[in-house]
Amino acid sequence: MLKHLIDKVLITLEVGDRTALLILLAKDGSLHRKGNGSPDNPLELAQGYSRDGHFEALMMTIDEQIFQYAGVIRQPDPQGRECRLSIIFQGQQGADFSFRVVYGEKSEGPPQELAQILINAVKITEDWYMKQLQPQPAEKKWWEVWK
């Protein structure tokens with residue numbers, strides 16, 4: 001059993017020279033996300049804390065067997081822009097596991113198990129991220145009762 005030792009997950013997707021997606025989830029509730037996976041539509045970085053259990057929700061979707069396959073995968077015959085998917089799990093007692101997949105934008109992508117971790121992380125953080133990107137109302141002064 002290793003999952004209980006993990007306390008941070010970092011997922012990045014790079015396409016060409018652009019970071020298309022960055023998600024950092026931590027057991028303490030901290031959450032960072034930038035982008036939606038599209039390198040041509042860069043979005044802002046949102047940082048904050050959440051008590052909605054994003055980290056726990058993602059960890060529940062991960063099969064512990066995957067940790068035995070940590071390492072670098074280079075898909076053969078890459079076509080199109082180079083893509084790099086990195087998934088890093090960090091924790092206590094040396095529980096550090098990293099996956100990196102290098103492939104072409106128009107060729108075979110990451111293994112399904114790793115792609116699913118990326119998809120789940122996006123789904124789990126999507127509502128929080130969209131809410132963070134919305135403009136926040138200006139804080140009113142105590143005497144500005146009309147606002």
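How many salt bridges does the count come to by the rule applied here? The count comes to 6 salt bridges, a salt bridge being a side-chain nitrogen of Lys or Arg within 4 Å of a carboxyl oxygen of Asp or Glu.

1. Basis of the note. This is a predicted model, in which local features need pLDDT of at least 70 and side-chain atom pairs count only at pLDDT 80 or more, while totals for chains, interfaces and linings use all residues. Residues are numbered from 1 along each chain as its sequence is written, and side-chain values use heavy atoms, with hydrogens and water left out.

2. Glu126 and Arg33. These two residues form a salt bridge whose closest N and O atoms are 2.8 Å apart. The pair links distant parts of the chain, 93 residues apart: Glu126 belongs to helix α2 (residues 112-133) and Arg33 to strand β3 (residues 30-35). Helices (H or I, at least four residues) and strands (E, at least two) are DSSP runs, numbered from the N terminus. Arg33 counts as buried at 0% relative accessibility, whereas Glu126, at 28%, counts as partly exposed. Here buried means under 20% relative accessible area, exposed over 50%, and partly exposed in between (1.4 Å probe, protein chains only).

3. Arg81 and Glu105. A salt bridge joins these residues, with the closest N and O atoms 2.9 Å apart. Arg81 lies in the loop between β5 (71-74) and β6 (82-91), and Glu105 in the loop between β7 (97-104) and α2, so the pair ties together parts that are 24 residues apart in sequence. Arg81 is partly exposed, with a relative accessible area of 33%; Glu105 is partly exposed as well, with 35%.

4. The network at Arg84. Salt bridges link Glu14, Glu82 and Arg84 in a network. Within it, the side chains of Glu82 and Arg84 meet at 2.8 Å, N to O. Glu82 is partly exposed at 40% relative accessibility, while Arg84 is buried, with a relative accessible area of 11%.

5. Surroundings of Arg84. This residue lies in strand β6. Its side chain reaches the backbone oxygen of Gly16 at 2.6 Å, and a polar contact of 2.8 Å joins the side chains of Arg84 and Glu82. A polar contact is a pair of N or O atoms within 3.5 Å; within protein, one must be able to donate a hydrogen and the other to accept it, and residues adjacent in sequence count only if both atoms are side-chain atoms. Leaving aside neighbours within four places in sequence, Arg84 is in contact (heavy atoms within 4.5 Å) with Thr12, Leu13, Glu14, Gly16, Arg100, Val101 and Val102.
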